[in-house]
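Subject: Structure handover

Hello,

Please find the structure below. My notes on what was found in it follow.

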Amino acid sequence: MTTASTPADVARAEKARATDGAPRTGSSLGYLRHAAGKLGGALVSLFAVLVTSFFLFRIIPGDPVKAMTHGVPTSAEQLATLRRQFGLDLPLWQQFTDYCAKALSGDLGTSFQFRAPVGDLIAEKLPATLLLTGVAVVIYSALGLWLGTRSAWRHGGLGDKLNTGLALTLWSVPSFWLGLLLIIVFSVGMGPVPGLFPTGGMESGTGETGFAYVLDVAHHLVLPVVTLVAVGYAQTLLVMRSSLLDEMGGDYLTTARAKGLRDDAVRRRHAVPNALLPTVTMIFINLGHVAAGSILVETVFSWPGLGGLFYQALSVPDLPLVQGLFVVFAGAMILMNLIADLLYPLLDPRVGR
Amino acid sequence: MVMVTKAPPRPAPVAHRALRLLLASGVTAVSLVAAPGTAAAEDDKSAAPKTLTVAVSQSIDSLSPFLAQKLTSTSIHRLAYEYLTNYDAKDARPIPGLATAWTPSPDKLTWTYTIREDSTWSDGKQATAEDAAWTFNKMMTDPNAATANGSFTANFAKVTAPDPRTLVIRLKKPQATMAALDVPIVPKHVWEKVGDFSKFNNDKQFPIVGNGPFVITDYKVDQYIKLKPNKTFWRGAPKFDELVFKYYKDGDAAVAALQKGEVSFVPNLTPAQADALKTQKNIKVNDAPGRRFYALATNPGAKAQDGKTFGNGHKALLDPAVRKALFLAVDRTALVDKVFQGHAVEGEGYIPPRFGSYFWKPADGQKRAYDPAGAQKVLDAAGYRKNAEGKRVGKDGKPLDFRILCHATDPNDKAVGKYLTEWWGKLGIGLKVECLDSVSDPWVKGDYDLAFDGWSVNPDPDYVLSIHTCGTLPATPKDTGATDNFICDKEFDGLYAQQAVEYDAAKRADLVKRMQSRLYDTGYMNVMAYPNALEAYRTDQIASITTMPEAAGNLWGQDGYWSWWSAAPTASAAGEKESSSSAGLWLVVGPAAVVLLGVGLWAARRRRSTADDRE
């Protein structure tokens, strides 16, 4: 037998190499194209947010100057001075161009009511919000994933019913009400339960430093995080449960079992990764919300975060501050969506091809 | 070779399951373990500094006295800086502050103040007339420095300090409010270094130099403001070792903190909260006459100073008979009982009764007492007949249907709105209650018929009276004026001008009463109630405290610094020592959590490795 290859063989091999190679170069190129597209989209969205935030909040009824001076002896001259300080005496187009010029150089303006740069006000409160909502999102995402997987794997069982039932019940509970309940039971103390946690705030303010300070903040963090987790984990649980249920009929799971893998391993290594995609989307949406914080929980626990700041800004309306917060909130959302978009192809090669 | 059979799920051992349950139930369970730690750490109460903690909810807008307008900020400035005068806790009459005496010149245009010798700034320097002159001059020359208190210096021509003990203010025209200049006097040697007054918030360097009963020593936005007593304060140092304003953004959480003892005082209670606290041990509820009035404002036809009218107020309300009938049908006693649940006083004149020297109430013949039958008669007599459906018909032939502007954030407005709808419905008059988050838009445009209105009244009534004068109407319909309700009445204005230059206290009070009488008769501002101030404090932390007025009055938002300056701690008052208890708690919780976490991780790893081995 000769080893000389026939033209047909060569052609087949060429084709094989071509089909072999194509997905590889195609996928990295495709990924880059996917990434560039998403990045471009994100930048356009961010710019649109920047522009719309200016006009969006001018629709809110109410005169900031009048609202701020209500109940305070104020002369007509003072009202005029305030208008001039805030730039509200300028025509709208000029206010808009001023805003755009400043925003593009990273200056979000000066808050009407706090007389401080909006950037500084946000930077001051952002860490508190990131800490509270960040910790909560991480915990409830993990908890939801774990319980969702369990529920789906043994769906219909008592554990599933209890889990889903409890999660749904807690999900329907108003967060401020649950927070208040936790304060009454675990802060003030009720019956045999002693008042273990502080009633509000982020620190005792008694001059702790270093590790003692970290513990103090953690101590204040417990109840608000428990509230957010209790109210929030159902989302992740339900999404994870339903997407895992969709995967459970898959032939590849039968194959995996046929290979003799233990049930735990089938679930962990084969089913869960395939069911993760919708859950990842949900987690990143939640992470996008982290910056916006939770107005209700922040209020009940007097947590000095951005949620409360947004509420105060809206009630005036403190235009530069609401605009700035809107840009930050929307920006965080856009960023998280972008990261999710960039992660999809890595989690599931079918995306972005 | 791999086994092909499916491995059955391994039942977790009972202990293992319990451990996981404990982990899942999280920190709450962990902290229960630590309960003994809390009790152990609470023994050194007597040695601890005595702290008076006040729950507040309103954010500080600025710690600069030149910018601050919110009540929390101005209340704190009252504690940190002396003003020229103060108000007596008994009857709110002006008494010495930084100035010990003040006299007008015969031509009424020059006021001379004697500045006290025993007031020093907290950095040790003497407070002088030069500081006061500099403060006023700064406000007169720099519009940014006039942002908050410019109305006080608008009529000043010249302010000088011929010597450290003498301050001379020359006026453009006479002004009767010269003993009520609520302007914090700042130390010149500190403030002359400030550049842009519109951006300086006075919140970077602590302690803040002042000469009031307290010194601001620390501030964390929306967390706390801390003050220490000024040991050299001329009236005597405050008795608590520290005064802390702590933020509670939610009223119910603040009440919980009071019950626990984390705060000593909570203001602005709802009737339900007050009733719940009344029965509690060691808590005193202060149900005090308030400084607010709650009124029914009627649009008199919005008008600007250029004579142009605007807005869409109902024409029928310009008829005094309609206004009279509407108010005759308002049962004020029922509103106090049902809406305010007894925590209010029935409204009469414009200024609340606690300001005794200015309080006025209508004489019997003048009073529009509750009289629904009389209201029907007034309308009948004025020619507002009922149509076939029983609705009153206006002069234009259309049924009378009014709108009332209500604050969506105020539950009282909504509740009163329901009663008004019912009562006026019986008269044959329709009412639509329009509740908005921000009423200022339709209000300044004059787009309303009636509105719920209310103001806090100061010891000097000049300002709350001024907002009903023609001079405060907007310049043109496009502008915003300081006017409250577009009232412009020549007789009222004449009396206002007289009282503004009347230096004799008794004569001025008489003029102020005549103004209220005139306001009452025109029927555009009908005061329904004076809501009480509801507040509560812990009697195991505060032994005694001065209210204002002293006989029965409020503690939060006083016109002077009496409450916090006078508050005396109880022998055991150290509050709930949150810090030490938390430290004790965490000494136990920390290691417990670490151990539990370690065990949990170990268990998880063990499970995983067994599973992998079995594959």
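Start with helix α9 (residues 251-258) of chain A. None of its eight residues is buried, so α9(A) lies largely in the open. Here buried means 20 or more other C-beta atoms within 10 Å of a residue's own, with C-beta atoms placed from the backbone. Just after α9(A), A:G260 has a positive phi of about 95°.

A word on the source. This is a predicted model, where local features need pLDDT of at least 70, side-chain atom pairs count only at pLDDT 80 or more, and totals for chains, interfaces and linings use all residues. Residues are numbered from 1 along each chain as its sequence is written, while chains are lettered from A and ligands numbered from 1 in the order in which they are written.

Now chain B. It holds 19 helices and 21 strands (DSSP runs, H or I of at least four residues for helices, E of at least two for strands, numbered from the N terminus). Of its 615 residues, 47% are buried.

One helix pair in chain B is worth a look. The axes of α16(B) (residues 490-500) and α17(B) (residues 505-522) come within 9 Å and cross at roughly 165° (axes are lines fitted to C-alpha atoms over the stretch in contact; angles run from 0 to 180 degrees between N-to-C directions). That makes α16(B) roughly antiparallel to α17(B), a term for angles over 145 degrees. Contact residues (C-beta atoms, placed from the backbone, within 7 Å) include B:F492 and B:L495 of α16(B) and B:L511 and B:M515 of α17(B).

Best wishes

Technical notes:
Angles under 35 degrees count as roughly parallel, over 145 as roughly antiparallel, 65 to 115 as roughly perpendicular and the rest as oblique. Two residues are in contact if their C-beta atoms, placed from the backbone, lie within 7 Å. A residue is buried if 20 or more other C-beta atoms lie within 10 Å of its own, exposed if 12 or fewer, and partly exposed in between; C-beta atoms are placed from the backbone.
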